[in-house]
Amino acid sequence: MSENLNPEHVSPANMKPETQKGAAIDQRYYELLEKIQVVDFALVELNLYLDTHPDDLKSVEQYNRLAQERIPLVRQFQELYGPLMNFGHAYSRFPFEWPQAPWPWQV
Amino acid sequence: MWVYEKKLQYPVRVSKCDPTMAKYLLEQYGGADGELAAALRYLNQRYTIPDKVIGVLNDIGTEEFAHLEMIATMVYKLTKDATVEQLECAGLGAHYAAHDKALFYNNASGVPFTAAYIQAKGDPLADLYEDIAAEEKARATYQWLIDMTDDVDLQDSLKFLREREIVHATRFREAVEIIKDDRTQKRIF
Amino acid sequence: MVNVNNQVRVYKPFIGPFDPCPPMLYRTYVIPPNQYITFQPLDWPQFSLQEALTRGTLWPNLYSPYSPNRSVQEGEA
């Protein structure tokens, strides 16, 4: 815990706040993230519905349409703020961007 | 396998420094009807249920991990900058003694998570009814948690999670209808 | 003031002559709409996608509001 650190070794003056690491979080980050959350939520909801209604053609079409719509949203977000998924489901710049903060619970 | 998405399912905003609420929220983290129990219960039941309802268990079980992460985010934010004295006042002194600020899978009373919270009977009807009951109990827990905070932002995220329990219960009830009636015709009532 | 919507049910708890606390005249509980749905029909109306996220469901027919019972003792109308 920071209050127990010896101030001779570590002082707030020479510590960078963690928010300065990784991609800068700005208002746009939250806006773009929420756009993805909106579409992804509808996809989760339709997915669960289709699990019990696999013969509902209109809903399958809506699901596929939203799956298309999320692609540019995700691309735009990732270009600005780094990959949303690991294990090869998103490209990375150098150095490897995946392990960079912020993590979802930090923002 | 599972792949991680670096985002929450729903935004979690906490606007009030309230470590006491973190303690209560642990009920949905490592409690009997919490999100961990839900995820483990459904994903484990997948292996011994008719194919037609595996998808429901698989996907709801997966969504529960997203909810577990939302609860963890709430607890993290509510305790992150709390002093030891504040944690003690919040009833988290015993938690601090064992875990510092680490999250731990225990309930609001500090009882550690146990697999005994969840069941797997191998009987599709018995298992799905357990799942429906679990969703209703989690819905009730969210209601009491919403009652316990006046932080409207926290209430907002908790209301989202409460509504998800209702949708999940709906799907499990439909799963019961599917295993009762194996006809593939439209089921429009 | 009590949250009144058509999903809220009310009951009156028995008031005993030796109850130590001032009696709550009634208590409430919620019956969510899914209790009246056996199997979701096709083509239900949907919320806008933005509203679906904030409400936690895509379908108004599954939406259950909840107002916190806070700072108000149950039974004090």
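## Ground rules

Residues are numbered from 1 along each chain as its sequence is written, while chains are lettered from A and ligands numbered from 1 in the order in which they are written. Because the model is predicted, local features need pLDDT of at least 70 and side-chain atom pairs count only at pLDDT 80 or more, whereas totals for chains, interfaces and linings use all residues.

## Chain B as a whole

Let's start with the overall build. Chain B has 8 helices and 0 strands, and its pattern along the sequence is α-α-α-α-α-α-α-α. Helices (H or I, at least four residues) and strands (E, at least two) are DSSP runs, numbered from the N terminus. The C-alpha atoms of chain B fill a box of roughly 60 × 30 × 30 Å along the principal axes. A compact globule of 189 residues would have a radius of gyration near 16 Å, and the 18 Å of chain B agrees with that; the radius is taken over C-alpha atoms, and the globule rule is 2.2 Å times the number of residues to the power 0.38.

Of the 189 residues in chain B, 50% count as buried. Here buried means 20 or more other C-beta atoms within 10 Å of the residue's own, exposed means 12 or fewer, and partly exposed lies in between, with C-beta atoms placed from the backbone. Of the contacts in chain B between residues at least 6 apart in sequence, 77% join residues at least 24 apart. Two residues are in contact if their C-beta atoms, placed from the backbone, lie within 7 Å.

## A covered helix: H3

Helix H3 of chain B, residues 35–45, is mostly covered, with 8 of its 11 residues buried. Among them are B:Leu36, B:Arg41 and B:Tyr42. The buried residues of H3(B) pack against helix H2 (27–30), helix H4 (51–79) and H7 of chain B.

## The H7 and H8 pair

Helices H7 (residues 124–147) and H8 (residues 152–180) of chain B have axes that come within 9 Å and cross at roughly 165°. Axes are lines fitted to C-alpha atoms, for helices over the stretch in contact, and angles run from 0 to 180 degrees between N-to-C directions. H7(B) and H8(B) are therefore roughly antiparallel to each other, a term for angles over 145 degrees. The contact of H7(B) with H8(B) has 16 nonpolar, 3 polar and 8 charged residues. Ala, Val, Leu, Ile, Met, Phe, Trp, Tyr, Cys and Pro count as nonpolar, Asp, Glu, Lys and Arg as charged, and the others, Gly among them, as polar.

One residue to look up in H8 of chain B is B:Ile179. B:Ile179 is partly exposed, with 15 other C-beta atoms within 10 Å. Leaving out residues up to four places away in sequence, B:Ile179 touches B:Pro50, B:Val53, B:Pro124 and B:Leu125.

## Meeting chain C

Across the interface, 21 residues of chain B are in contact with 20 residues of chain C. On the chain B side, the elements giving two or more residues are H7 and H8, and H8(B) gives the most, with 13 residues. By class, that side of chain B has 8 nonpolar, 3 polar and 10 charged residues.

Chain C itself has 1 helix and 2 strands, in the order β-β-α along the sequence. Of its 77 residues, 14% count as buried.

Conventions
Parallel < 35°, antiparallel > 145°, perpendicular 65-115°, else oblique.
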